[in-house]
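The following exercises are to be worked through with the sequence and the structure in view. Each task is followed by a solution in steps.

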Amino acid sequence: MSILIEHISKTFGQFQALSPLSLDIQEGEMIGLLGPSGSGKTTLLRIIAGLEGADTGRIQFGDRDVTNLHVRDRRVGFVFQNYALFRHMTVADNVAFGLDVLPRKERPSPSEIKKRVMHLLDMVQLAHLANRFPSQLSGGQKQRIALARALATQPEVLLLDEPFGALDAKVRKELRRWLRGLHEELGFTSVFVTHDQEEALELSDRVVVMSNGYIEQVDKPGDLYASPNSRFVFDFLGNANVFEGKADQGKWLNQQASLQLPKGIEQQDGQLYVRSHEFFVSDAPTEQANLPLKVVAINPIGAEVRLELSPIGWQSKDIWEIDLPHKAFDQHGYEKGQTVFVTPKAGYFFADDLAQPTPLHW
Ligand SMILES: Nc1ncnc2c1ncn2[C@@H]1O[C@H](COP(=O)(O)OP(=O)(O)OP(=O)(O)O)[C@@H](O)[C@H]1O
């Protein structure tokens, strides 16, 4: 089922939670709504579900205008962060709930309901827990049951609000993979809310990046990472180090620091955004860059070591973070308090008077 969102807006009192926004979701797509807290993700999801009314605009599911349709008539499945299972019902009864409460005309027979519930429990690989109560399940198991329950009525649209937010990192990862598989197998259209960029990039066919009630960018995960169209998107997807430069005779200057302009780049003042793994680190300035920094912290993070660095003799709003492979780190043996020089290999330049960035390579 495709979903068309046209000029949807929402205010709470004086507060504009969503500015008029439009979005076209294809049948069978998995869409991640990504943004910081308060950016309007949940409000948009609730409006799609029919749990909240919009002030302006309209929503269409396939050919059907559902703008004024009650939530129960929209035929969407909903999964919340906090499971929302019925505590006094067994796992099987929880999954059957949506079918049990259907009007008699639409309700399958008790034996058909039982069959469907067992099939769903098989699908979420928890058939052996059918007679347990929610309090006897782990968080990950509860969330799989919540998903089975949402799928019981065979919705064509599945809406998920931070579905894995309450789970630990390892279980989250497992469930993500599993949800993606289920989505591919069953082909429903899904929209999920997350503030976790890794989750959005890993799960979504397309990611909708939101901030302050606006859609900043809609793109496939790879394109979003490769071609962010604003400072906000660049910053939100991965750690960016920002060098504020004044152009002068082929260089960007910031007090005592300097950086050569790459070939073909105009002399313009602006900010250079460089991701944490796009650097060489050395003990002395290079021909291209003189960016001295002091090592203030060293943190091993998975496959890499993160150096936290503070500028020496130049200004930056934030501490810089640079990720090195363990091998490179071990070869140099950096220490806290030491001075290092960094040289960017690639980045994005945002000229002061332009919103669109220019990709850079040296
Ligand atoms: N019922 C309401 N009454 C008043 N303000 C609301 C209401 N619901 C949401 N808001 C406000 O609208 C803004 C957007 O909220 P929303 O829950 O959509 O954000 P979000 O991006 O989902 O954030 P989070 O990740 O924290 O859940 C917030 O500033 C929030 O305080």
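This is a predicted model: local features need pLDDT of at least 70, side-chain atom pairs count only at pLDDT 80 or more; totals for chains, interfaces and linings use all residues.

**Exercise 1. The chain as a whole**

Solution. Step 2: the chain contains 10 helices and 22 strands. Step 3: the C-alpha trace spans about 80 × 45 × 35 Å along its principal axes. Step 4: of the 362 residues, 34% are buried.

**Exercise 2. Confidence in the model**

State the mean pLDDT of the chain, and identify the elements with the lowest and the highest mean values.

Solution. Step 1: the mean pLDDT of the chain is 92, and 100% of the residues score at least 70. Step 2: helix α6 (residues 169–186) has the lowest mean among the elements, 85, whereas β1 has the highest, 98. Step 3: for the model, ipTM is 0.93 and pTM is 0.85.

**Exercise 3. The sheet that contains β1**

Give the strand order of the open sheet of four strands, and find the helix that packs on this sheet.

Solution. Step 1: the order is β2-β1-β4-β5, and the pairing is antiparallel. Step 2: β2 and β5 (64–65) pair on one side only, which makes them the edge strands. Step 3: β1 (residues 3–12) is joined to β4 (residues 56–61) by five bridges; Ser 9 has Thr 56 of β4 as its bridge partner. Step 4: α1 packs on the sheet and touches β1, β2 and β4, its direction making about 120° with that of β1. Step 5: the buried residues of α1 are Lys 41, Thr 43, Leu 44, Leu 45, Ile 47 and Ile 48. Step 6: after α1 comes Gly 50, with a positive phi near 90°.

**Exercise 4. A strand with two partners**

Decide whether β14 (residues 270–275) is mostly covered or uncovered, and trace its pairing with β11 and β21.

Solution. Step 1: five of the six residues of β14 are buried, so the strand is mostly covered, a residue being counted as buried if 20 or more other C-beta atoms lie within 10 Å of its own. Step 2: β14 pairs with β11 (residues 240–248) in the antiparallel sense over six bridges, where Val 242 stands opposite Tyr 273. Step 3: four bridges join β14 to β21 (residues 346–351), again antiparallel, and Leu 272 has Phe 349 as its bridge partner.

**Exercise 5. Two faces of a strand**

Sort the residues of β6 (residues 76–79) by the way they point, and state the direction of its pairing with β7.

Solution. Step 1: side chains in a regular strand alternate between the two faces of the sheet. Step 2: in β6, Val 76 and Phe 78 point one way, while Gly 77 and Val 79 point the other way. Step 3: all of these residues are buried. Step 4: β6 and β7 (residues 157–161) run parallel and are joined by four bridges, with Gly 77 opposite Leu 158.

Definitions and conventions. Residues are numbered from 1 along each chain as its sequence is written. Two strands pair if DSSP finds at least two bridges between them. Two residues are in contact if their C-beta atoms, placed from the backbone, lie within 7 Å. Axes are lines fitted to C-alpha atoms, for helices over the stretch in contact, and angles run from 0 to 180 degrees between N-to-C directions. A residue is buried if 20 or more other C-beta atoms lie within 10 Å of its own, exposed if 12 or fewer, and partly exposed in between; C-beta atoms are placed from the backbone. pLDDT is the predictor's confidence in each residue, from 0 to 100.
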